[in-house]
Amino acid sequence: MTGSLDRSATWPYDEAGEPGAFSYVRAEHPNQVAVEEELGRLEGGRALLYPAGMGAVTGVVLTMLPPGGTIAVAAGAYYGHKQLFDHLAPWGIDAVEYDQTDPPPERADLILVEAPSNPLLTMPDFEAAVAHAAPVVCDATLASPLRVRPLELGCDVALHSATKVLGGHDDLLAGVATVSDDDLYERLHLTRRLTGLVASADTAWLLERGLQTLAVRFDRMEATARELAARLDAHPAVTVARYPGLGFLVSFDVADGAAARRVETATAVIENATSLGGTRTKLESRNRWEGERCPEGLLRLSVGLEDVEVLWGDLERALDRA
Ligand code: PLP
């Protein structure tokens, strides 16, 4: 249950002059601990909260990738990860993309898969990934721990942008990494404390509140997404409809970039906005951000809580402009 909000940055030592459970906010704070307990329970491991999904992946990679090492990243997955690793290339990080439905490349020192990938919606070959000698990190933001639990599948780290469906209301920025190995937990915790990759009490509190409704939001969004994906698949203006069989995200293609722009700007209920996993449905062309990484006509639909018929009516009207 969400408790009180404690914004303290420091707590007094005990009567013997020793630090208690909380002394300085960068190490640990009560709202962080509370939400980490809940996240750890959902995922089946020990959770660490971060101030963004990107903060979580940064903490994980700085801790787990050896200097000069190679990270194998799922192609067609969240483009920000590859951008980050390329940005860090001067520090010796070598990032190679690979088809996550196949085994990872031999030379990988760390593997980052995404279940399912955003926005191409492929699922990793978990068996092949965990059979590799390198540790495996799985970003399961789109599935949530309700549908995919990477630690149970043999991965070393389960990663989430908690900004998305875990928070669920488009009003916070956070990330989470969950592990089962105690030694790895301590190493990640030390990196987090020393780099200051720490989420605020307000963020932790809001995330804990969001988690209370995760299961009902997820079920409803998923049922609507499944229905919309089937109808999109049958629509004459849609050349490809992708739905991985779980979750709230659908991606579909119209003829070209101009058609995608006309469709995304023609909706009345659905927001033309970025991000995913919130209560309100959003649609956007991903080519504007990802360039040649994704088809020009690809539209990403993050299905929210609105009525399925209202959403379909809106999409049908917008698709008339394709
Ligand atoms: N992972 C996935 C699958 C995402 O979609 C995103 C953001 O869109 C991130 C990670 C990064 O998360 P954040 O924006 O919370 O830093």
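Seven strands, in the order E1-E7-E6-E5-E4-E2-E3, make up an open sheet with mixed pairing. Strands pair if DSSP finds at least two bridges between them; strands (E, at least two residues) and helices (H or I, at least four) are DSSP runs numbered from the N terminus. Because E1 and strand E3 (94-98) stand at the edges with a single partner strand each, one side of each has no neighbour in the sheet. On average, neighbouring strands of this sheet are turned by 20 degrees against each other, direction ignored.

The model is predicted: local features need pLDDT of at least 70, side-chain atom pairs count only at pLDDT 80 or more, and totals for chains, interfaces and linings use all residues. Residues are numbered from 1 along each chain as its sequence is written, and side-chain values use heavy atoms, with hydrogens and water left out.

Within this sheet, strand E5 (residues 136-139) and E6 pair in the parallel sense over 3 bridges, and Val137 stands opposite Val157 in E6.

A second open sheet has 5 strands in the order E8-E9-E12-E11-E10, also with mixed pairing. Strand E8 (240-242) and strand E10 (271-272) are at its edges, each with a single partner strand, so one side of each is left without a neighbour in the sheet. E10 pairs with strand E11 (residues 282-285) in the parallel sense over 2 bridges.

Angles run from 0 to 180 degrees between N-to-C directions, along axes fitted to C-alpha atoms, for helices over the stretch in contact.

| H2 | E1, E2, E4, E5, E6 and E7 | about 155 degrees with E6 |

The largest nonpolar core has 26 residues, and Val60, Val61, Ile71, Phe85, Leu112, Val157 and Leu159 have the most contacts inside it. Such a core is a set of buried Ala, Val, Leu, Ile, Met, Phe, Trp, Tyr and Cys residues joined through side-chain atoms within 4.5 Å, where buried means under 20% relative accessible area with a 1.4 Å probe, protein chains only. H2 gives the largest share of this core, 5 residues. Leaving aside neighbours within four places in sequence, Phe85 is in contact with Val57, Val61, Ile71, Val73, Ile93, Ala95 and Leu112.

Key: Buried < 20%, exposed > 50% of the residue type's maximum accessible area, 1.4 Å probe, protein only. Contact = heavy atoms within 4.5 Å.
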